[in-house]
2 protein chains.
Amino acid sequence: MNIGEIARRAGVSRSTVSYALSGKRPVSAATVRRINDVIAELGYRPNASARALAEGRTRTLGLVIPPASTRLTDVQLSFVASVVEAAAAHDHDVLLSPSGGDHDRSFDRVVTGRRVDGVILMEILLHDPRVERLTSTGLPFVTIGHVVDSAASWWVDVDYAGLISRCVRHLADLGHEQVVLINRSDELVASGYGPSMRATAGFLETAEGFGMTAHDVCCADDPAAGLACFEQIRARWPEVTAAVTINEAALPGVQRALHRAELDVPRDFSLTGVIADRLADDFHPPLTAADVPAGQMAQLAVDLLMEQINDPSATPRHALLAPPITLRSSTGARRRN
Amino acid sequence: MNIGEIARRAGVSRSTVSYALSGKRPVSAATVRRINDVIAELGYRPNASARALAEGRTRTLGLVIPPASTRLTDVQLSFVASVVEAAAAHDHDVLLSPSGGDHDRSFDRVVTGRRVDGVILMEILLHDPRVERLTSTGLPFVTIGHVVDSAASWWVDVDYAGLISRCVRHLADLGHEQVVLINRSDELVASGYGPSMRATAGFLETAEGFGMTAHDVCCADDPAAGLACFEQIRARWPEVTAAVTINEAALPGVQRALHRAELDVPRDFSLTGVIADRLADDFHPPLTAADVPAGQMAQLAVDLLMEQINDPSATPRHALLAPPITLRSSTGARRRN
DNA sequence: GACGTTCATCGAACCGGTTCGACCTTGGAG
DNA sequence: CTCCAAGGTCGAACCGGTTCGATGAACGTC
């Protein structure tokens, strides 16, 4: 069941079938109908590999995800799903490639084997070797998060610095004087993970601007670490009355630590940060926080990538998202004792 | 930079380059070295589309995931990541296709366009139209979960009936007389979702066998629903002293409901079920539960699929996993008042 | 009635690999 | 010395599409 067979049964040449399907040259209505009848009868679909070879494009996008060992967070998951859907809207499929550790065989295969027309790179580091690899191959790509030299590349990111800064300002307005930033894991921070770097910068700078005492700590991406981390914070800096975080996975542990310490939120302690709406709503009480709009980022990333694929000489564009901070119930005025 | 260019620079024919690379025919050591030098110098990688066309196989597996609208659960996510890694071990890539409704463009493209050599189907219904579609195309596939007529197909599943049955028996041994099953969402159950069906069957059957009073309820896959659901259970059946669940996403809500009702676990109430280890450990107190071994299932599914791809006439095989129930701290003897 | 257009279609080349059959060397056995 | 097998290489066909240039028929124009 290939195009030749369809042509034979419809009594036309292979090229006519091709033109009837693509509409790139006029074909008489009668012929089109005859061809369509045959196709419907045989349930024919063109072979994707052959088409890709002939056209020089695969209609497939690559999505580079962190390796399975690094447990994917909830937000990352919904990001993957959204990328797939956004790609489907452009009639493209998504090929997954885990990378980060040394699973770079897969990355190689996907990137250099011309298996995809473009790549979306998640979990970018400030200096990322994969970015250089991609740049040198000339394959269009968009990063989630941006590298230091960001002007010349395509990316989508959340303005962590700005958002965290606004969180701190919010806490300052409420009278808090000692605050802490609960960052992501040690390793991530050590490797120069962009969001962590920028969150820290925005945090320290703004806190200093308001004359606050600011501490920042790393915390692994799981509830147990969140609990331990929060108890350590209480022990080391008992005067801290508010926390800002970008570590969503640690939240359940923080919740438990607050409960265990019999701290009422927001009466005794305020908590805010950059947290996906869904998780912020699930907290008790719901968190005042800026959303991580994974769906919107995925959509944007795919749109940018398609733009780049369709016009490789286009000048790089990017998007820095700064979703509003939604006021919920987890921040309140500092109680003076 | 194609095979012809390599051949020209190495002073041999295209076929010799091909044989040197694949090793399917002997090539002299000197020639191989000359070819490899040229390849290394030019950074050549064979074009995947051309190879797929010629070989008739794409070295790509399709993974059909639930659409983004249905939020993917934590377990599903780690399953996806594990599938990608298992496939990478076989030198295969993974193409994602969201699907749920049955006139799915993406599913069509992947399945009928010969874009993949085989398919893994997640979130299977007891009667699933996609299974029929796949069967009729003759494309190898493995389902996660099994359809009613399961003998003739390839699948991997968790023995929900058996595991839930063992949970109930455990509760019976501890003296509980009124138990409830917290199932997944209404819609899923209504559509004939296999795990839900089998969990219910195992639950009711075993409870009856021990002369227990058994109730079962549906609960949407999110914390808020878990909270509402549990409070409703307490209101309707105040005598219930233990719950069994397969709904991992609802657990945080159940946790909050227990706390709000000032029920101590396991003194006042026992909780168990089929819950991924990671989530069971995060509960407070840690849950006595059977693991959902997503990684192992992914590995098995990929292995079975590869087996089927390499020998299409092989007789269908399947695996019904029954991980042990890990005793933690959430189940205890019923207190007699 | 000769002529230039437009429309519909065809044949052939091409994309970049794999694979088959054929050919030419060598070298060892008889 | 002849013959045959094995080793190494080549050219051509093929996988299933797309695309370009050419061809022929129908049509309106002068």
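Biologist: Which element gives the most to the surface near DNA strand D, and with how many residues?

Modeller: α2(A) does, with 6 residues. Keep in mind that this is a predicted model. "Near" has a cut-off here: the C-beta atom, placed from the backbone, lies within 6 Å of the strand.

Biologist: Which residues come nearest to DNA strand D?

Modeller: 29 residues lie around DNA strand D. A:Ile3, A:Ser15, B:Val12, B:Ser15 and B:Pro26 come nearest. By class, the surface has 13 nonpolar, 10 polar and 6 charged residues.

Biologist: Now DNA strand C. How many residues surround it, and which are the closest?

Modeller: DNA strand C is surrounded by 29 residues. A:Val12, A:Ser15, A:Pro26, B:Ile3 and B:Ser15 are the closest. Two or more residues each come from α2 (14–22) and α4 (48–55) of chain A, and from α2 (14–22) and α4 of chain B. Here α2(B) has the largest share, 6 residues. The classes are 13 nonpolar, 10 polar and 6 charged.

Biologist: What does UniProt list for residues 1–55 of chain A?

Modeller: The entry, which is unreviewed, gives "domain: HTH lacI-type" for that span. Check the name against the model. Residues 1–55 of chain A are 71% helix and 0% strand.

Biologist: On to the chains themselves. How many residues of chain B are in contact with chain A?

Modeller: First, a general point. Interface size is often quoted as the accessible area lost when the parts come together. Here, count contacts instead: 41 residues of chain B touch 41 residues of chain A. On the chain B side, α4 (48–55), α5 (74–89), β2 (93–98), α6 (105–112) and α12 (251–260) each supply at least two residues. α5(B) has the largest share, 8 residues. By class, this side of chain B has 20 nonpolar, 10 polar and 11 charged residues.

Biologist: How do β2 (residues 93–98) of chain A and β2(B) run, parallel or antiparallel?

Modeller: Antiparallel, joined by 3 bridges. Look at A:Leu95: opposite it in β2(B) stands B:Leu95.

Biologist: What is the strand order of the open sheet of 6 strands in chain A?

Modeller: Read across it: β7-β6-β8-β9-β10-β12, with mixed pairing. The edges are β7 (213–217) and β12 (325–326) of chain A, and each pairs on one side only. Helix α8 (residues 160–173) of chain A packs on this sheet, touching β6 (178–182), β8 (242–245), β9, β10 and β12. The direction of α8 makes about 160° with that of β9(A). Helix α10 (residues 194–209) of chain A touches β6, β7 and β8, at about 165° to β7(A). For one pair inside the sheet, take β9 (residues 270–274) and β10 (residues 288–290) of chain A: they run parallel, with 3 bridges. A:Thr272 has A:Thr288 as its bridge partner in β10(A).

Biologist: Why is one side of β7 and of β12 of chain B without a neighbour in the sheet?

Modeller: Start with the order in chain B, β7-β6-β8-β9-β10-β12. β7 (213–217) and β12 (325–326) of chain B stand at the edges with a single partner strand each, so one side of each has no neighbour in the sheet. The partner pair β10 (residues 288–290) and β12(B) is antiparallel, with 2 bridges. B:Ala290 is bridged to B:Ile325 in β12(B).

Note on methods. Residues are numbered from 1 along each chain as its sequence is written. Chains are lettered from A and ligands numbered from 1 in the order in which they are written. This is a predicted model: local features need pLDDT of at least 70, side-chain atom pairs count only at pLDDT 80 or more; totals for chains, interfaces and linings use all residues. UniProt positions are given in the numbering used here, feature names are shortened, and annotations may be inferred rather than shown by experiment. Helices (H or I, at least four residues) and strands (E, at least two) are DSSP runs, numbered from the N terminus. Two strands pair if DSSP finds at least two bridges between them. Two residues are in contact if their C-beta atoms, placed from the backbone, lie within 7 Å. Axes are lines fitted to C-alpha atoms, for helices over the stretch in contact, and angles run from 0 to 180 degrees between N-to-C directions. Ala, Val, Leu, Ile, Met, Phe, Trp, Tyr, Cys and Pro count as nonpolar, Asp, Glu, Lys and Arg as charged, and the others, Gly among them, as polar.
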